[in-house]
Amino acid sequence: LETFAVVAVIGIALAFDFTNGFHDAANAIATVVATRVLSPRVAVAWAAMFNFIAFVVFGTTVAATIAKGVVDPAVLSVGVVFTGLLGAIGWTLLTFYLGLPTSSSHALVGGIAGAAIGRAGLHTVQRSGLQKIGVFIVLSPMIGLALGLLFTLTLMWVFHRVRHVERLNRGFRVGQLLSSAAFSLGHGANDAQKTMGIILALLIASKHAAPTAGVPLWVVLAAHTAIGLGTLSGGWRIVKTMGSKITRLQPAGGVAAESAAAVTLFFTSSRGIPVSTTHTITGAIVGVGSTQRVSAVRWGVASQVVWAWVLTIPGALVIAYVGQLVLRALS
Amino acid sequence: VIDRRVWIFLICALACVALIPFSNFDKPAKPGEKAKAHKSQNYRWVPEATAGAYLALAAMVAADSAARRPSSRERSVQNRA
């Protein structure tokens, strides 16, 4: 029965990863599609490929943070991981229904913390791990914004004397291929690793892996396949909204925004820090837009990110906590 | 009138400064251990550098908007015209 439960929870975790790819693909390819560098179908295939190969470039430090850095691994059980996922998925669905902004990454962290508190109390939470995640929830979009702005200013400064604008735009269109690939690589590295961390926690809890074990290769491949397939299977439907949601981007702006977000994600992924890829690219796009004037940016979208900072972790934590209490009462 | 972006960048810089005291982390505890001080991971330089970047951006935008503003002589010429 326990093996069945483990397989079922792994299935739920991979489904969560699939929906992450489905939603966040738009972030990686929105500007490439909006500027007509690639058709939507080719763009999602491009993003999915780089999502998948991210595991070759980056290690699994983010997965280790999720599995061992949020709560004391000794309290993890199949029930804790299940209710943690339930909290994350429940919060995502609730905010989708209410139209509130959210981040599935933060929801996952809140869910795991809530489930562990429900099982064994507040002392099970690793304060330092949560603090690191909390600080970078705020910092990652702000780094993205500053880098987006600085990259745009640098491009403007380097190319401001160029008279052949058409030829220059053609160059930036090629540049967008590279920058969107870099962003997809960062997205695959950070987001797929969150699911890997959940599955690793589950394997440790069910004694299928030692507490000191790294992420098994099949988990790495399964998580990257799930996020890649999610990207491939329909993210392009919401691309158009994302491409012009925050500010109107030209090819040069697209290159700057994606490069800024990619640099931020490369840094955080290599240091084992889970961050929201959506918030990071939103910050970078706001940075690019704010080189023009204040009114070029839809600040309402930016303020939604701030609400997501405040609400997501506590919201998912409460749902997972209640779920864990119900599970304990039933068993 | 100061460009509104200057205020936005200054608020971002302040937010980064507020994060500096919280940017020293302990490495995750090993399985079964209580979460207490292990090897420290110092990330203070990240909010410090980001705050510095925002201050520089605020100064650049302020200087740019001051340079674009017509001087008092230009304004009086415009008024007379």
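**Surface and fold**

I looked up the surface first. Chain A exposes about 13,300 Å², and carbon and sulfur atoms supply 69% of it. Accessible areas here come from the Shrake-Rupley method with a 1.4 Å probe, and for residues only the protein chains shown count as cover.

This is a predicted model: local features need pLDDT of at least 70, side-chain atom pairs count only at pLDDT 80 or more, and totals for chains, interfaces and linings use all residues. Residues are numbered from 1 along each chain as its sequence is written, chains are lettered from A and ligands numbered from 1 in the order written, and side-chain values use heavy atoms, without hydrogens and water.

I then read the secondary structure. Chain A has 12 helices and zero strands. Helices are DSSP runs of H or I with at least four residues, strands are runs of E with at least two, and both are numbered from the N terminus.

I noted the overall dimensions. The C-alpha trace of chain A spans about 70 × 35 × 30 Å along its principal axes.

I checked burial next. Of the 331 residues of chain A, 58% count as buried (under 20% relative accessible area, 1.4 Å probe, protein chains only).

**A:Thr277**

I picked one residue. A:Thr277 is found in helix 11, residues 277–289. A:Thr277 counts as buried, because its relative accessibility is 0%.

I listed its contacts (heavy atoms within 4.5 Å). Leaving aside neighbours within four places in sequence, A:Thr277 is in contact with A:Asp24, A:Asn27, A:Phe183, A:His187, A:Asp191 and A:Leu265.

Technical notes. Buried means under 20% relative accessible area, exposed over 50%, partly exposed in between (1.4 Å probe, protein chains only).
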